[in-house]
Amino acid sequence: MKKVEVRIAGSGGQGVVLAGQILGRAVVYDRKNAVQTQSYGAEARGSATKSEVIISDDKIGFPMVRKCDVLIAMNQEALDKYLKDLKEDGILIADTTNIKKIPETQAKVFNIPATEYAEETFGAKIYANMLMLGAFTKITNLVSEKAMQEAIADAVTEKVIKTNEEAYKKGKALVQ
Amino acid sequence: MKKKPERNTHFWQGNEACAEAAIVAGCRFFAGYPITPASEIAEYLGKKLPIAGGIAMQMEDELASIGAVVGASWAGAKSMTATSGPGFSLMQETIGYAFMTETPCVIVDVQRLGPSTGQATKCGQGDVMQARWGTHGDYSAIALSPNSVQEMFELTIKAFNLAEKYRTPVILLADEEIAHMREQVTIPSLESIEIVNRRKPKLGETAFFGLEEVPPMPTVGEGYNVAVTGSTHNEYGIRFTADPNVHKRLVERLNSKIQDHADELAEAETHSIDDCQIGIISFGCTSRAIYEAVEKAEAIGVTVGYARLKTIWPFPEKIVKKLAKTAEKIIVPEMNLKQLYYEVQRVAGGSSEIIALNKIGGGELITPEELTAKIMESVKD
């Protein structure tokens, strides 16, 4: 497998960093290599946040994403800022609850109204990140189902494991 | 509750790997004061050290933290603190005391951008010289530099082992990037990990500060009469604040017990250092750019050798000299303004041209593209 670089971007409070951690963890549980990094503003909520995961069979050198293969955009600002770094043959997964306008792009676009579904199905916007991860898994086939489930279970607190798993599955189901 | 399976492969943050390694190495006392980007080490140890039978304390500041670490070491515990540049500066007086009193301890400095509070959440490598010369007087420091989360684990254990072996403070010179990134860490079986413990005195031994290269260290409260002082002292701990010979003997030994083992302490990941056109000396997060850059350069026929230093101090002269013998030019990429550069230049002694590649601000790493461009530029000139 060649190196796949994933960027998840949104604002603080959308679970962007957690999604990256779970993805990276699942990759490692699948016995591949992963590096996850993050950057965010000083505020707890609301500032621009991004989380990056590099996935590879080989040892990973440089840990930062320059051009990404997959962009998971959680809001309009993140999309507008990072679309230019998405490779031409890349994949864009957009949370269309928060993204109203997708600029013209060569990339393959998947529209997932994750925040809306999270609120309707689970009564909380915060599960949108798991829906997006579900969509990512279905689209890319980069991580195994087993590893994802274990990674979710190891990353969140006991009482919300089930809801997170359900949100993840819902995200998979949303991909046509 | 379903029991989670025991794993030996983890997906840890650098700081978490450091904390886990400390426990494996036998650390049973931690004292610190929160500071970005080192706080997670205190957080993890606050949760986990008590379970391992140790103590983790949040102190009122960094001065108290390093004081408690030195005290705990004399009380017999392997001890550690973790901080970043501003806190490392505050600790320097007592770090000097730890050198002078030969107190084994580990000081983790997760570098961020300075001077002063600088850019608190952003990565830098500006404490290279502070790790060597931060406190006053003549002394020799050991400083190790990890470039992956796996190495945060491995070098933390090594730091404890060296501290115990040489009875000296050891600095783990990490950086924000490595401390905050998450990567897999594979833990070997605990029995296969080498753990070094300080030599304690045998009954009747009284020279706790000399007569041999690394004297035995008693634990206070076990019946040995031991005076621990930062003032010049003789082999038995008695203060001699004017005698030139006692001072010379003590301080020369404090230096030679490290410097005489410089080659043995020198650890580096190397590639083609005995046959290359262009050399690279790198360390920490910056070194993550070299693999791709070297691959690109070699693809078009430029032979590049590198030494990625795991040991920063004592400076691995033998390895750098070897590279300088063959490389026409040596590039030194670092996220500071030429701190390691002059050290490489000193050791190369004019046999290679040393080329700086520096980047500071915003925590932006030197990219493989920037390094490749520097290699190409160096070949052309």
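Within chain A of this predicted model, the mean pLDDT (the predictor's confidence in each residue, from 0 to 100) is lowest in strand β2(A), residues 33–40, at 91, and highest in strand β4(A), residues 68–73, at 98. Helices (H or I, at least four residues) and strands (E, at least two) are DSSP runs, numbered from the N terminus. Chain A as a whole averages a pLDDT of 94, and 96% of its residues score at least 70.

The structure has 4 cavities of 30 Å³ or more. A cavity is a set of points, on a 1 Å grid over the protein atoms alone, where a 1.4 Å probe fits but cannot get out; its lining residues have an atom within 4 Å of a point. Points are joined across faces, edges and corners, and the volume is the space filled by probe spheres set on them.

| Cavity | Volume | Lining residues include |
|---|---|---|
| Largest | about 50 Å³ | Ala9(A), Thr49(A), Lys81(A) |

The elements giving two or more residues to the lining of the largest cavity are β1 (4–11), β3 (48–56) and α2 (76–82) of chain A. Of these, α2(A) gives the most, with 4 residues. This lining has 4 nonpolar, 3 polar and 2 charged residues. Ala, Val, Leu, Ile, Met, Phe, Trp, Tyr, Cys and Pro count as nonpolar, Asp, Glu, Lys and Arg as charged, and the others, Gly among them, as polar. The lining of the second largest cavity has 3 nonpolar, 2 polar and 3 charged residues.

Residues are numbered from 1 along each chain as its sequence is written, and chains are lettered from A and ligands numbered from 1 in the order in which they are written. Local features need pLDDT of at least 70, side-chain atom pairs count only at pLDDT 80 or more, and totals for chains, interfaces and linings use all residues, while side-chain values use heavy atoms, with hydrogens and water left out.

Note on methods. 1 Å grid on protein atoms, 1.4 Å probe; cavity = no way out; pocket = protein on both sides within 12 Å on 5 of 7 lines; lining within 4 Å.
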